[in-house]
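Please consult the sequence and the structure shown here alongside the text.

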Amino acid sequence: MGLLFNRKKEDNTEIMERAENTEVVETSVENTKSPDQNSVELAETLLRAFLSTEFMTLDKAMNVPAFAGCVNLICDTISSLPVYLYKKSGDSIEKVTDDERVALINVDTKDTLTGADFKKAIIYDYLTDKGGYAFIGKSGTKFTSLNYVKPEEVSFRYSEDPIFKDYEIICGGKVYKPHNFIKIVRRTKNGFYGKTIIQENREILMTAYKSLKFEGKQVNKGGNKRGFLESERVLSQEAIDDLKKSFNLLYQDENENVIILNNGIKFKETSETSLELQLNENKKTNAVDICKLFNVPPNMVSGTATDQDKLRFIQFCIIPILEAFCKSLNRDFLLEKEKKEYFWAFDTKELTQGDIKTRYDAYATAYKTGFLQIDDIRKSENLPALDIPFIKLGLQDVLYNPETGAIFTPNMGKGYNIKEAMEESNGGDLPVGTDGNNPSDPAINQALEVTDKANGKENDDEGTDKS
C-alpha cells in the first residue's frame, strides 16, 4: 500500500482552522484578480492567521491559572505512580520484577530524563499537544532505552485509504515503523495524532485569558479610575496635547506622577462597567468551567478538596488516563510473543499514600477478611517481612471445598460432605462424615486429626483402650 507524505498535516489543518477564525475583508474586485494574486493573498491570509495574537495557543492557555493548575496536578499525580509488568499464569497473576523495562520506565530511561520526568512529559503532551511520543531503543529483542521526543519533532507519512489505515513516523529526517514508538494520543481517529483540550475548548480558554489580560491592564494603570476632562473654556491644541501626555504618564505605575489641572478644567470619573463589577465572579465561573474540561473537581485545584473530591478526581480523571497509558504500553512495549501473557498496570495504591488513616483502614479490612497477610502488608509499606508461615483463619468460619463438596467447621472439629448427602438422601442412611468420623475429603481428614490432637482426644482414646 502506497503512503503519501504529508508533512505535519495535522498542523496544516490547525492553520486552516486559524484562518477560519480570522476576519478577512474582501471586496468584489477579487473576481478581477489573477490566479497568482489570489494565491499570494491566500498565503498571506494563512500567515496572518498563524501569527494572529487572538488565536489561542498553549502558552496563553498555561497563563490561565485554572488550566495550568489542572495540567500540573494531573502530570504530577501520574508521574508519582509506578507502573509494573505482570504475567498471567493460568488463574494466577504475578508481578515481574527482573525485567529491564520496569526500571526503564520507573527509574532511569537511559536517556536524559528520569522515570518520573518521562511520565510527566508524556502526559503533558497528551493533554496539551497532538500526543505523547517516545522512541523505544532496542538491541535485538532486548529493550535498552526510552527516549522522549517532542511532538513538534514528529510528523507522519500515511495512506489515504479510509478503511485499511497505515502510517509511518518521521523524526529527525528518518522514517520509523509505528512499533518503534510509544504513542499515547487523546481524541484520536487515526491512532497517531489527536486533538488537544485547547483545540476543543478555544472559546472558554480565550475568555479566561482575555479576562486575565484585562485585569493586567487595570493593574498597569496603577488602579486609577477611568474618566474624562471637562473644560469651561476652549483649549488650544497644544494644551490638549499636554493634558494627554500628562494623563498617559499618570496611568503608568512605574513612576509617581502628579497632574495639575488649570482653572476651569475638572476631572470626572466614569462609572464602572458591568464587566468590571463582575470580573471576579466571572473568573471564578471560568475556573470552574475549565476544571470540568479535565474532570477535575475545582476544590482539588484550590486546595480545599474533600475525600469525595479526591475520589472523584482519581476515578474520573486519573484512571482513564492511566488506562490509555497502559494500553499504549501493551501495544508497543511488549514483544509480540508476550502479548498473550504479559500486561502493564499502574500501582494505584500510591494514590492513597498521603492519607495514612484511609490506607491503614484498608489494610485492617484486608487482614481481617484474609485477603492480605501480615507480610503482604509490610511489603506494601516497604518494611521487612517477618517470615510468618501461618495464615490467619477464624474459628467462626465454615470451610467449604466446592470441588469435593466437603464442609469443615474448625471450632467444632466436624466434617460433612454435602454432595454425598444429596446422593444418599433417598437411601435413608446418614452420609459419610456426618458423625465427624471418616469424612471422604482427605483435607478434612487431616484437619480433624489436627483438631483431635489439639483437643487431647487421641490421649483419651488411648486411655480408654488401656482400661
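The model is predicted, so local features need pLDDT of at least 70 and side-chain atom pairs count only at pLDDT 80 or more, while totals for chains, interfaces and linings use all residues. Residues are numbered from 1 along each chain as its sequence is written, and side-chain values use heavy atoms, with hydrogens and water left out.

**Salt-bridge network**
- The whole structure holds 13 salt bridges (a side-chain nitrogen of Lys or Arg within 4 Å of a carboxyl oxygen of Asp or Glu).
- D99, R101 and E338 form a linked network of such bridges.
- R101 pairs with D99 at 2.8 Å, N to O, and both residues are buried (under 20% relative accessible area; exposed is over 50% and partly exposed in between, with a 1.4 Å probe and protein chains only).
- E338 also bridges to R101, at 2.8 Å, N to O.
- This pair joins distant parts of the chain, 237 residues apart: E338 lies in the loop between α13 (307–332) and β12 (342–346), and R101 in helix α5 (residues 100–106).
- Helices (H or I, at least four residues) and strands (E, at least two) are DSSP runs, numbered from the N terminus.
- Relative accessibility is 11% for E338 and 1% for R101.

- E323 and K327 form a salt bridge, with the closest N and O atoms 3.4 Å apart.
- The two residues are 4 apart in helix α13 and therefore separated by about one helical turn.
- E323 is partly exposed at 43%, whereas K327 is exposed at 51%.

**T77**
- T77 belongs to helix α4 (residues 65–79) and is buried at 13% relative accessible area.
- Beyond neighbours within four places in sequence, T77 contacts F313, I318 and L351 (heavy atoms within 4.5 Å).
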